[in-house]
Amino acid sequence: MAKILIVEDEVNSAQALEFYFSDRGHRVRTATHAAEAIAAARELAPDVLLTDVLLVGESDGLAVARELRGGDPTLPVVVMSGLPEHEVRERARGVELFAICPKPLRLREIGATVETALASRGGAEPR
Amino acid sequence: MHDQHAENDRDPPDEGTGQTAEVGRLAELQRLREEAERRARQQAALARLGLSALTELDLDEVFDRAARTVADTLGVELTKILELLPDGRALLLRSGVGWSEGLVGSATLPSDAGSQGGYTLKSSAPVVVDDLPQETRFRGPKLLLDHSVRSGLSVIIHGRDRPWGVFGAHTRERRSFTPDDVNFLQSVANVVGAAIERGRIARELERRSQELALKRAEERFRRAERLASVGTLATGIAHEINNPVNSILMTAESAQMARGREDWPERAEQALEIVVREAERCGRIVRDVLDLARSDSRGQAPEDLGEVVRRGVDVARKLTKGGGLEVELDLAGDLPPVTLDAGGIERLVVHLLRNAIEASSAGAAQVRVATERAGGDRVRLTVSDRGRGIEPALLERVFDPFFSTRRTSGGMGLGLSLAHGIVEEHGGEIDVESHPGEGATFRIELPIAGRRDAAGPAPARISGGAAAENAG
């Protein structure tokens with residue numbers, strides 16, 4: 001079991017992801033904008049961040065990634081976005097991304113990517 | 001300089017005897033009276049010159065008037081206005097009275113001790129010359145010697161950051177200029193300096209307003225380019241459709257995975273609802289894109305603009321289910337019928353009102369919608385909200401398709417693009433002004449006669465700050 005923070009402002013997409021990862025025994029928190037995400041991360045101390053780029057109210061999932069990696073430099077960041085990959089990289093500006101998954105996504109694919117990211121972090125975290 | 005005379009005034013009366021003393025006193029009184037009259041004349045001349053310098057836009061006219069005023073008021077044969085040329089090495093005889101034919105406008109003098117003017121610049125104080133042939137401070141220049149100048153005075157015309165030039169007055173007869181004369185000439189030179197500065201500021205303003213106009217034209221051009229770009233449109237459509245497609249895909253997949261589990265019926269039911277809703281959203285996007293592509297200037301007929309706008313407002317009220325939209329209508333009663341596509345203008349009003357709603361905090365959109373006569377056979381429609389306003393940096397992008405500062409439910413960032421397209425179809429112009437926190441005002445101008453040339457859309461323009469919180 002790992003702790004996963006999902007940042008996605010499309011509530012239906014967020015819900016499908018939440019179901020998927022909860023069903024696989026992970027602890028999941030979802031947030032729709034940057035401030036909510038940062039507050040949730042404080043409580044959860046996630047093992048992986050799964051985030052969209054463009055969020056409600058001009059907030060940005062990559063800003064969340066930058067902030068969280070400031071406190072946890074090895075936190076793997078998996079980006080889900082409809083933006084072209086080069087634009088995501090441009091916006092990331094120095095934030096190391098574990099993977100960029102282009103939307104539309106398949107749950108199984110994003111699931112596999114997240115599991116790989118968790119493994120890269122060194123298996124299950126103490127909790 | 002007045003002090004000198006003041007002291008004279010206080011000189012103890014000559015205690016000499018009888019008649020001599022009386023004659024002396026009378027002569028002194030006479031002198032004082034003449035001096036007072038001279039001062040009054042100088043002040044009156046200065047006031048007249050100051051007034052004309054305030055209203056006269058042609059600098060050469062101001063120079064000529066100043067040169068004549070000094071000649072008349074001081075009673076001198078020669079006056080000159082010298083302009084220090086940009087290289088600082090020479091003084092040009094820009095204006096003057098009494099000089100030989102052809103010299104004004106072309107003669108130059110050295111700006112150093114080779115001339116009285118040059119010496120004045122160096123000494124940065126008024127220079128009074130009693131007898132030019134005896135002068136030792138500078139060499140009498142050819143210009144003055146050629147004109148048999150004997151006496152004279154000269155002062156600096158001050159510029160913004162360096163002397164602009166020199167004002168001189170000269171006589172052929174020997175004459176002792178008084179401190180009052182010097183003061184008068186300096187005052188005239190100050191008036192001339194102020195007129196020059198005013199001219200400089202006017203030219204600077206003109207230059208800046210031209211630059212601004214050019215910048216606006218560039219912005220318009222860039223926007224037209226962007227709007228016309230297939231790439232921008234394609235990226236926008238792809239991105240907007242991606243979100244609902246992503247939801248549909250993941251929700252359906254999630255439901256598939258739940259098959260056979262206890263909660264399967266509810267999960268499937270819920271998933272189907274989401275799929276329908278998100279598919280509808282895709283449909284709306286496709287419809288808007290088709291609207292955007294539609295260019296139809298047929299169907300225009302003379303209409304009552306106020307009525308059409310009123311209908312648009314009613315439609316917007318229905319769409320928002322009456323809640324959260326307060327519209328203040330200010331429709332001009334004296335507008336002529338305007339040739340327009342009523343359906344298009346109704347949609348235009350709806351798009352702008354939706355934008356205003358999205359720019360305002362929930363349930364509190366206050367919008368003023370006004371029509372009025374504009375110049376040049378046009379009418380103006382104004383829609384102002386009191387919403388969040390738009391950042392200056394985003395202003396020029398508000399009409400871009402899929403540009404939106406909100407990414408929540410609602411529209412998809414096409415409303416203002418559609419509005420722009422409708423205005424364009426009418427041969428009109430749409431323009432937006434906004435400052436963050438102070439709402440936004442959209443101004444639309446439409447030709448009363450409708451769009452006459454079916455070919456080539458009229459340019460729309462962005463001016464000032466714009467506010468568009470497009471639905472996202």
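**Salt bridges and their surroundings**

Tutor: Over all chains, the structure holds 44 salt bridges; the term stands for a side-chain nitrogen of Lys or Arg within 4 Å of a carboxyl oxygen of Asp or Glu. The model is predicted, so local features need pLDDT of at least 70 and side-chain atom pairs count only at pLDDT 80 or more, while totals for chains, interfaces and linings use all residues. Residues are numbered from 1 along each chain as its sequence is written, chains are lettered from A and ligands numbered from 1 in the order in which they are written, and side-chain values use heavy atoms, with hydrogens and water left out.

Start with a pair inside chain A. Lys103(A) and Glu8(A) form a salt bridge, with 3.0 Å between the closest N and O atoms. The two residues are 95 apart and link distant parts of the chain: Glu8(A) is in the loop between β1 (3–7) and α1 (11–23), and Lys103(A) is in the loop between β5 (99–102) and α5 (107–120). Helices (H or I, at least four residues) and strands (E, at least two) are DSSP runs, numbered from the N terminus. Lys103(A) is buried at a relative accessible area of 6%, and Glu8(A) is buried at 0%. Buried means under 20% relative accessible area, exposed means over 50%, and partly exposed lies in between (1.4 Å probe, protein chains only).

The next pair joins two chains, because Arg267(B) lies in helix α8 (residues 264–293) of chain B and Asp23(A) in helix α1 of chain A. Their side chains meet in a salt bridge of 3.5 Å, N to O. Arg267(B) is buried, at 8% relative accessible area, whereas Asp23(A) is partly exposed, at 36%.

Arg207(B) and Glu211(B) form a salt bridge whose closest N and O atoms are 2.6 Å apart. About one helical turn separates the two, because they are four residues apart in helix α6 (residues 179–228) of chain B. Arg207(B) is partly exposed at 37% relative accessibility, and Glu211(B) is partly exposed at 45%. Elsewhere, Glu28(B), Arg31(B), Glu35(B), Arg39(B) and Asp180(B) are joined into one network by salt bridges that share partners.

Now the sheet of chain A. Its five strands form an open sheet with parallel pairing, in the order β2-β1-β3-β4-β5; two strands pair if DSSP finds at least two bridges between them. At the edges stand β2 (27–31) and β5, each with a single partner strand, so one side of each has no neighbour in the sheet. From one strand to the next, the twist averages 20 degrees. β1(A) and β2(A) run parallel and are joined by five bridges; Ile6(A) has Thr30(A) in β2(A) as its bridge partner. α1(A) packs on the sheet, touching β1, β2, β3 (48–52) and β4 (77–81) of chain A, and its direction makes about 170 degrees with that of β2(A). Contact means heavy atoms within 4.5 Å. Axes are lines fitted to C-alpha atoms, for helices over the stretch in contact, and angles run from 0 to 180 degrees between N-to-C directions.

As for chain B, it has twelve helices and 13 strands. Of its 472 residues, 45% count as buried.
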